[in-house]
Amino acid sequence: MRMMKINSESTFVVICAAGSSTRMGLGTKKEYLPLGKNNITVLSQSVFIFIETLNPKSIIITVPQNGTEEAQKHLFCDERIINFKNRIIFTQGGSTRQSSVLNALEEINKQNPTENSIVLIHDGARPFVTSQIILDVAQTAFNKGASVPGITPSDTQKEITETNTIKRHLIRSNLTSVQTPQGFNFNTLLKCHRFAQKQNLECTDDTEIWDSFEEITAGRKVVVVKGSNVNKKITYKEDIQISTKESKMIRVGIGTDLHKLAESRNLYLGGVHIPFSKGEVAHSDGDVLLHAISDSLLGASGLGDIGSYFPDEDPKWKNADSKILLKTIWDDVKKQGWNLGNLDCVIEIEKPKFLPWRNQVIKSIADILEVPEERIFVKAKTNEGLESVGQNLAVKVYAVCLLEK
């Protein structure tokens, strides 16, 4: 089947946050608990990741009866949400999650969704979902009709009887534990939900509702895409501490690059043209600093190296802008859920003096990576006349990054 591009104007998100969170034992809803710094809450992070990844037409949040004001307080305290505020709608939840989702779907239906519109339904207490999972679910739902992320259970599974004896030995590789978001063709899911309500059919999740009405879905099955152990739902008060700790994965990456210097070439460092009589000899524009940064990010995230991304033998990368290459790599790294802790770089160059250009270079790199400038530092050293760098025949860079998720 030909893959079609998802249109954000035909993409909707439902965030389920109408439960009481009684199992937390904290006297407050788990979605409203703080999650790190900058006034981020469990709910705001669960919402923001969809804004950042899909930029959907609207996000519908189900809340308890008379709970809109409190939900708004714990959502809009996060400054990242403010610019999307006019596209967030709060709707009253029902007595069950299923009825809450139906209320949200009916709210979306007022916005005249198209035939190809999709809806992603996500738990408001599942803030660690990655952009990659969201994109995989959305694209599969758009092309196949229905999708859900799943992971293979780590423990061997057994089916038991009412008397707690083993009835059947299950094959673990044929099993999956499903997560959210669950993605669907909107119009089809709405019809399934309406029929389930008429028949008083109670299901455990939306995939079961979908599979219960083959005459509506035209036999289209729910496709399972790769989930993640990181994408955990917060149920008990211990979960937020464990999940936060587990999600704080830290990796370090190192990148290095060396280019000859020659006349009639421009010298680029960090996306900035440095006036000089020589420049880097390379297939692309030769920005040795951005190349080293790219390799450090790819190494830390385990995605490969710059040579596999943009091979020299491919003519389309001839004189390519290294800022675009780095941006492409960084977008892929972010889709894996990584954030930049800091980046430290050393340039080995004999001439010209780098110090007058340092602030401009730091700003350029920060702009490409869309991070604060204080997370970036670049310094330069000469080789005291030694070797190719010291003889002004080459420029070399070392870059070390720290990624977190």
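**Exercise 1.** Identify the bridge partner of L258 in β17.

*Solution.* The model is predicted, so that local features need pLDDT of at least 70 and side-chain atom pairs count only at pLDDT 80 or more, while totals for chains, interfaces and linings use all residues. Residues are numbered from 1 along each chain as its sequence is written, and side-chain values use heavy atoms, without hydrogens and water.

Step 1. Strands (E, at least two residues) and helices (H or I, at least four) are DSSP runs, numbered from the N terminus. Two strands pair if DSSP finds at least two bridges between them.

Step 2. Strand β11 covers residues 250-263 and strand β17 covers residues 394-404; eleven bridges join the two, which run antiparallel.

Step 3. The partner of L258 in β17 is K396.

**Exercise 2.** Describe the hairpin formed by β6 and β7.

*Solution.* Step 1. β6 (residues 158-160) and β7 (residues 166-169) run antiparallel and are joined by three bridges.

Step 1. I160 stands opposite I166 in β7.

Step 2. Five residues lie between the two strands, and N164 in the turn has a positive phi of about 65 degrees.

**Exercise 3.** Characterise the lining of the largest pocket.

*Solution.* Step 1. A pocket is an open set of points on a 1 Å grid over the protein atoms alone, with protein on both sides within 12 Å along at least five of seven lines; lining residues have an atom within 4 Å of a point.

Step 1. The lining comprises 39 residues, of which I40, Q45, F48, R80 and N339 lie nearest the centre of the pocket.

Step 2. The elements that give two or more residues to this lining are α1 (42-54), α4 (131-144), α8 (237-247), α11 (322-335) and β15 (339-348). The largest share, five residues, comes from α1.

Methods
1 Å grid on protein atoms, 1.4 Å probe; cavity = no way out; pocket = protein on both sides within 12 Å on 5 of 7 lines; lining within 4 Å.
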